[in-house]
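Here is a short tour for anyone who likes to look at helix packing and ring pairs. Please keep the model open while you read.

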Amino acid sequence: MKWNKITIDTTVEATDMISYELSEMGIEGIEVEDHVPLTEEERKKMYVDLLPDEIAPNDGKAKISCYIEPEEDLESISLKIREMLSDISRFLDIGAGTLSYGETEDKDWINNWKQFFKPFRLDDTIIIKPTWEKAENVGPDDIIVEIDPGTAFGTGSHETTRLCISQIKRFLKPGAKVLDLGCGSGILSIIALKLGAGSVVGTDIDPNAIIATQENLAVNHVEDGKMTAYEGNLLEDEELCQRIGDGQYDIVVANILADVIIPLSGIARRFMKKDGYFITSGIINTKAEEVEQVMRDNGFTIVDVIPMGEWVSIVGK
């Protein structure tokens, strides 16, 4: 089924009011596009960083799209929207306030991305496979990791995750105890266990990540008790820090972003054994020197720095 799409050209200032009025009209599926930067709190919750060329300037303009079922009277609804915009414009700058039209297929937008996630070889021994696909050309010594990220970050295809995995392979010893900060879909934890880690503890501030991790542990037939995942923020929750345990981990891994790794490096040592490694990734190259310096200031010796594209992995001991 095709849906009619109405897009309103407006201003960032007017998006909340227009969205509210559309919902009051019974219109669902409202989508807002703008160039408003993420807040610091949003970036922390999403565990994302952006390259400079990915950030468009905030010009104050916005687009609001809504979706109308084909049997509804498009002309009548358009008239109501124009009347609503006219009313709002009396006390709020709505910008152009023009309407444009299009059509869109009725799809499962939550799962539509899955068509683009195919099995791929991470390196010479590790294959990442979505749970709904079949892996081919599997060698006798290959490690297959099945992943359904759900709404949590982490399929293994991004450079930051690849960097982390290569460093885990390098520094992990059989039976090691690993702490995965920002575990996301659980991919790093599962790979660490398949590479011989004795146990893993994961943390994430996103409850969806904990759910995804637990589901992926089951899909990969990880033995019960091999991994424990906690929801919470170690930078703010001392009780959680105590549950994690001081001085227990051979490897602490954090594939997050520079602005979170910097404060984490101040507490990571408390969880590590004296000869432990702190493996970090998700660092934009423009912030690599800053992260290195902060890690040194917090008592780490930098033992490896590896770039891949615009991203950098830094390992401290």
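The notes below start with the overall picture and then turn to helix pairs, an aromatic pair and some loop residues.

This is a predicted model, in which local features need pLDDT of at least 70 and side-chain atom pairs count only at pLDDT 80 or more, while totals for chains, interfaces and linings use all residues. Residues are numbered from 1 along each chain as its sequence is written, and side-chain values use heavy atoms, with hydrogens and water left out.

**Overall picture**

- The protein has ten helices and 14 strands; helices (H or I, at least four residues) and strands (E, at least two) are DSSP runs, numbered from the N terminus.
- Of the 317 residues in the protein, 44% are buried, where buried means under 20% relative accessible area, exposed over 50%, and partly exposed in between (1.4 Å probe, protein chains only).
- Taking contacts between residues at least 6 apart in sequence, 68% join residues at least 24 apart; a contact here means heavy atoms within 4.5 Å.

**Helices α4 and α5**

- Helix α4 (residues 159–171) packs with helix α5 (residues 187–194) at an angle of about 25°, and their axes are 10 Å apart. Axes are lines fitted to C-alpha atoms, for helices over the stretch in contact, and angles run from 0 to 180 degrees between N-to-C directions.
- α4 and α5 are therefore roughly parallel to each other; angles under 35 degrees count as roughly parallel, over 145 as roughly antiparallel, 65 to 115 as roughly perpendicular and the rest as oblique.
- On the α4 side the contact is made by Thr161, Cys164, Ile165 and Ile168, and on the α5 side by Ile187, Leu188, Ile191 and Ala192.
- Sorted by class, this contact of α4 with α5 has seven nonpolar, one polar and no charged residues. Ala, Val, Leu, Ile, Met, Phe, Trp, Tyr, Cys and Pro count as nonpolar, Asp, Glu, Lys and Arg as charged, and the others, Gly among them, as polar.
- Seven of the eight residues of α5 are buried, so α5 is largely enclosed by the rest of the structure; the buried residues are Ile187, Leu188, Ser189, Ile190, Ile191, Ala192 and Leu193.
- Just after α5, Gly196 has a positive phi of about 120°.

**Helices α1 and α3**

- Helix α1 (residues 15–24) and helix α3 (residues 74–89) cross at roughly 140°, with axes that come within 11 Å.
- α1 and α3 are therefore oblique to each other.
- Met17, Ile18, Glu21 and Leu22 of α1 meet Ile81, Met84, Leu85 and Ile88 of α3 in this contact.
- By class, the contact of α1 with α3 has seven nonpolar, no polar and one charged residues.

**Aromatic pair**

- A search of the whole structure gives two aromatic pairs. Rings of Phe, Tyr and Trp (its six-membered ring) pair if their centres lie within 6.5 Å; planes under 30 degrees apart count as stacked, over 60 as edge-to-face and the rest as tilted.
- One of the pairs is formed by Phe171 and Tyr277, tilted, at 4.5 Å centre to centre and 40° between the planes.
- Phe171 lies in helix α4 and Tyr277 in strand β12 (residues 272–284), so this pair ties together parts that are 106 residues apart in sequence.
- Phe171 and Tyr277 are both buried.

**Loop residues**

- His221 sits in the loop between α6 (207–219) and β10 (227–231). His221 has a phi near 55°, a positive value in a residue other than glycine, and is exposed, with a relative accessible area of 70%.
- Pro174, in the loop between α4 and β8 (177–181), is exposed, with a relative accessible area of 78%.
- From C-alpha to C-alpha, Pro174 and Leu195 are 7.7 Å apart in space and 21 residues apart in sequence.
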